[in-house]
Amino acid sequence: MDTGDADPFAEQQRLFELLSQDTRQLIVQELLGHPAHLMSLAELEYMTGKNRVTIRNHLDTLRDEDILAQYIFEPNKETRGLPAQFYGFTERGVEILHDYKYLRGVPVARALYENTRKTEKIQRHEAAPRPDLPPAVAAALEIDEPDLDDVDVGTGR
């Protein structure tokens with residue numbers, strides 16, 4: 001019997017610990033809930049309640065693991081004063097989120113995000129133009145919005 005093989009569950013445990021750290025968990029949840037799944041540093045700072053340095057350190061960790069990437073929207077005259085750097089998931093990141101069942105929580109994360117009161121600055125950042133996510137990432141994060149016209153409010157059906 002070869003005992004030199006690595007623990008088959010070591011990578012799963014490492015990823016679970018990486019994603020379950022409180023601040024990284026908040027970052028992931030906020031990105032899942034954001035309508036574009038791309039957030040500026042200021043948006044993440046506001047929505048998580050953590051300071052910029054802490055957020056940046058955890059973003060770096062998630063980027064080093066290829067769970068998140070930095071996406072750039074080339075600034076121009078119309079976007080002056082708006083963010084140009086955004087953070088969002090990579091293809092590997094959504095695969096990991098799928099494996100750990102995070103993607104099932106996208107509708108709840110979206111509802112929480114939409115019902116959070118935002119300052120004018122954060123509303124401006126939220127409305128800022130953003131680059132496109134890679135198609136596979138965008139497709140994995142897409143949710144079907146319910147057609148409320150088909151719901152009978154009195155019976156819930």
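A pocket is an open set of points on a 1 Å grid over the protein atoms alone, where a 1.4 Å probe fits, with protein on both sides within 12 Å along at least five of seven lines; lining residues have an atom within 4 Å of a point. The model is predicted: local features need pLDDT of at least 70, side-chain atom pairs count only at pLDDT 80 or more, and totals for chains, interfaces and linings use all residues. Residues are numbered from 1 along each chain as its sequence is written, and side-chain values use heavy atoms, with hydrogens and water left out.

**View 1. The largest pocket and its lining.** Its volume is about 210 Å³, taken as the space filled by probe spheres set on grid points joined across faces, edges and corners. The lining has 14 residues; Gln29, Glu30, Gly105, Ala109 and Leu112 lie nearest the centre. H2 supplies the largest share of the lining, six residues. H2 and helix H6 (106-114) each give at least two. Helices are DSSP runs of H or I with at least four residues, strands are runs of E with at least two, and both are numbered from the N terminus. By class, eight lining residues are nonpolar, five polar and one charged. Here Ala, Val, Leu, Ile, Met, Phe, Trp, Tyr, Cys and Pro count as nonpolar, Asp, Glu, Lys and Arg as charged, and the others, Gly among them, as polar.

**View 2. The largest nonpolar core.** Such a core is a set of buried Ala, Val, Leu, Ile, Met, Phe, Trp, Tyr and Cys residues joined through side-chain atoms within 4.5 Å. Buried means under 20% relative accessible area, exposed over 50% (1.4 Å probe, protein chains only). This core has 34 residues, and Ile27, Leu32, Leu59, Phe89 and Leu141 have the most contacts inside it. Helix H2 (residues 22-33) brings the largest share, four residues. Leu59 touches Ile27, Leu41, Leu44, Leu68 and Tyr87, leaving aside residues up to four places away in sequence. Contact means heavy atoms within 4.5 Å.

View 3. Gly93, Val94, Ile96 and Leu97 are buried in H5 (residues 91-99). Seen down the axis, these buried residues fall within an arc of 160 degrees, so they line one face of the helix. The arc is that of the directions from the helix axis to the C-beta atoms. Their cover includes helix H1 (10-20), H2, strand E3 (85-89) and helix H8 (135-141). Exposed His98 and Asp99 sit on the face turned away from the buried side. Lys101 follows H5, with a positive phi near 65 degrees.
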